[in-house]
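Please keep the sequence and the model in view while reading.

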Amino acid sequence: MSFSSDTRKALDTSLPLSHRVSALRLCLWRYRPIGFNASFSFLQSVVGDFTRDPALLPAAVEMLTASHAAWQSDLRAYGVVRRHAKRLGYRVPYPSAPNPNKLSHWYGAPREAALHAVWFWYSKGASADVDVHSLAAALVEHGRFTAGQREIFERVRAEPGDSWAIVQQMAVVVAHS
């Protein structure tokens, strides 16, 4: 199966709602830009509870497929750039260069989705690191960092430890502020 076949199943009104939601979950399993659970939660926060209301499911599928299509476009463009660089002798990309093969954000709503992911993980108590916890609280409450918090963030970002996913989404929020 593929992402597109699962989206077709999610939109197939002849199937029971539970099967359609399962198909959407399979789409999210294949393409989870901010993690599976955070992506599912983000869709529900934007669209509504599509697990109970079948009328909301097409909007969730549309939102996910739009993000997926933008990511696919980025992958194709990256492939062109990498082939050109390889012809010039640059066999290994710079570690700091953007690489869409490593999903880092929700295409189409990077800041909103990243902020939601930070809230999602913060509300679940996903990080035991006190600095990460306080930074997440600041982002959830204010949507940005103060100068002092930005310094702490840069230090935490250098060595995220077990909180890598949260710190990565914080970086997306900061980059799109």
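Helices (H or I, at least four residues) and strands (E, at least two) are DSSP runs, numbered from the N terminus. The structure is a predicted model, in which local features need pLDDT of at least 70, side-chain atom pairs count only at pLDDT 80 or more, and totals for chains, interfaces and linings use all residues. Residues are numbered from 1 along each chain as its sequence is written, and side-chain values use heavy atoms, with hydrogens and water left out.

The protein has 8 helices and 0 strands, which gives the pattern α-α-α-α-α-α-α-α along the sequence. Its C-alpha trace spans about 55 × 45 × 25 Å along the principal axes. Of the 177 residues, 39% are buried, where buried means under 20% relative accessible area, exposed over 50%, and partly exposed in between (1.4 Å probe, protein chains only). Among contacts (heavy atoms within 4.5 Å) with a separation of 6 or more, 60% join residues 24 or more positions apart.

A single residue illustrates these terms. S41 is found in helix α3, residues 36-47. S41 counts as buried because its relative accessibility is 14%. Apart from neighbours within four places in sequence, S41 is in contact with H116, W119 and F120.

The open spaces come next. A pocket is an open set of points on a 1 Å grid over the protein atoms alone, where a 1.4 Å probe fits, with protein on both sides within 12 Å along at least five of seven lines; lining residues have an atom within 4 Å of a point. Grid points are joined across faces, edges and corners, and a volume is the space filled by probe spheres set on the points.

The largest pocket holds about 760 Å³ of space. Its lining comprises 27 residues, and P98, N99, K102, S104 and Q168 lie nearest the centre. Helices α4 (57-87) and α8 (164-175) each supply at least two residues of this lining, and α8 gives the most, with 7 residues. By class, the lining has 18 nonpolar, 6 polar and 3 charged residues; Ala, Val, Leu, Ile, Met, Phe, Trp, Tyr, Cys and Pro count as nonpolar, Asp, Glu, Lys and Arg as charged, and the others, Gly among them, as polar.

The second largest pocket contains about 170 Å³ of space. Its lining consists of Y78, V81, R82, A85, Y90, V92, P93, Y94, A97 and P98, with 9 nonpolar, no polar and 1 charged residues.
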